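Please look through the structure below before reading on.

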Amino acid sequence: MSRIFNFSAGPSMLPESVLERAAAEMLDYQGSGMSVMEMSHRSKVYDGIIKNTEKKLRQIMSIPDNYKVLFLQGGATLQFSMIPMNLLVKNGKADYIVSGSFSGKAYKEAKKYGEINLAATSKEDNFSHIPTQEELNLSKDADYLHICENNTIFGTTYNYLPETDGVPVVSDMSSCILSKPVDVSKYGLIYAGAQKNMGPAGLTVVIIREDLVGEPQEKTPVLMRYDELVKAESMYNTPPTYAIYILGLVLDWVDSMGGLSGMKEHNEKKAALLYDFLDGSKLFKTNVVKENRSMMNVTFFTGNEELDAKFVKETAAKGFSNLKGHRSVGGMRASIYNAMPMEGVEALVKFMMEFEAVNS
């Protein structure tokens, strides 16, 4: 068997050591006589798995004690609705910065539940930069400010956290969580779909400050109420049990890599290698401004759609996968999340050099 370098934006690569450990425990998890897939979520064995996973996440992210951790379903997309349903309860107002596709979807969904102010957008330059603090039109009485910290489709990321004068910051970290250290105490709520840096699809992690867990809007469904989910410790119904187990294994791997400081160093080296090549290339280019370049999703193109298509086709024969850019952007995209080894980026850059030499 030969493993490929999977540059997918999600579901993405998992560390091989995680897959090997999961395979070894597939039929019999630690003498239980069954797979984690088969276990009752109410069993003593599984209770140990979910509690240990939360403990490891708290340790690795340095999550303060006054924050609750939830393991949910529905992807980050369900949070586009849950957040306003639960947090638009004081003044019924929120600020949203639209810096890409998913923050745009979150903004559109939130408008169903209250007065939503478009604090800033970079749509006019096709989301090639993140709006600066000076560009923000923030409301003093907003219940929260929503941002998408890393834009998977456009390859941009925040290099600062907006100053809000006490208004809670809500951040979609789906494509950058666990990639570097984060001061959780500066956020009111962090949420992330797991299928990029945390594990397989099906799990969503929510980290919410205790004072924001209160009475939601009147018609909020019970399974979308943070207060009920916190009270039930993510067990109001059957949670995504196997995905939570895999997250625990991924956290062990992150710890072995030096924690989030180690991940940051690992990711910065990979991104620098690829961006340095792009900056010196005469064929390939990126539109993203330097100060907002994502470490996780690198977007690039040649300027010729036929040449882009040729490049993507030839990468498949080289053992690379999913380098085609999102349909709304075109070009190419290399998603180099935590589990992508340096060897994968080195191999990609080597092929890009060869392709440029032949096609310039």
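**From a loop to the sheets**

Leaving aside neighbours within four places in sequence, Y29 is in contact with M34, V36, M39, V45, I49 and Y245. The model in which these contacts are found is a predicted one. Y29 belongs to the loop between α1 (16-24) and α2 (44-61). Its relative accessibility is 12%, and buried means under 20%, so Y29 counts as buried. One of its contacts is V45. Y29 and V45 are 16 residues apart in sequence, and their C-alpha atoms are 9.3 Å apart in space.

Strands of a sheet pair through backbone hydrogen bonds, either parallel or antiparallel. Here seven strands form an open sheet with mixed pairing, and their order is β2-β10-β9-β8-β5-β3-β4. The edges are taken by β2 (67-72) and β4 (115-121); each has a single partner strand, so one side of each is left without a neighbour in the sheet. From one strand to the next, the twist averages 15 degrees.

Strand β9 (residues 189-193) and strand β10 (residues 204-209) run antiparallel and are joined by five bridges. A192 has V205 in β10 as its bridge partner.

Towards the other end of the strand order, helix α4 (residues 101-110) lies across β3 (93-98), β4 and β5 (145-148). The helix runs at about 155 degrees to β3. The loop between β4 and β5 contains S122. Is S122 buried or exposed? S122 counts as buried because its relative accessibility is 0%. Not counting residues up to four places away in sequence, S122 touches V98, S99, F127, H129 and P131.

Strand β11 (residues 297-300) and strand β13 (residues 332-335) run antiparallel, with four bridges between them. V298 stands opposite A334 in β13. Which residues of β11 point the same way as V298? F300 does, while N297 and T299 point the other way, and all four are buried.

V222, L223 and Y236 make a nonpolar surface patch of about 240 Å². Of these, L223 is found in the loop between β10 and α5 (226-231). L223 has a relative accessible area of 38% and is therefore partly exposed.

Definitions and conventions
Residues are numbered from 1 along each chain as its sequence is written. This is a predicted model: local features need pLDDT of at least 70, side-chain atom pairs count only at pLDDT 80 or more; totals for chains, interfaces and linings use all residues. Side-chain values use heavy atoms; hydrogens and water are left out. Buried means under 20% relative accessible area, exposed over 50%, partly exposed in between (1.4 Å probe, protein chains only). Helices (H or I, at least four residues) and strands (E, at least two) are DSSP runs, numbered from the N terminus. Two strands pair if DSSP finds at least two bridges between them. Axes are lines fitted to C-alpha atoms, for helices over the stretch in contact, and angles run from 0 to 180 degrees between N-to-C directions. Contact means heavy atoms within 4.5 Å. Patches are made of residues with over 30% relative accessible area and no salt bridge: like charges are joined within 9 Å, nonpolar side chains (Val, Leu, Ile, Met, Phe, Trp, Tyr) within 5 Å. Accessible areas come from the Shrake-Rupley method with a 1.4 Å probe; for residues, only the protein chains shown count as cover. A salt bridge is a side-chain nitrogen of Lys or Arg within 4 Å of a carboxyl oxygen of Asp or Glu.
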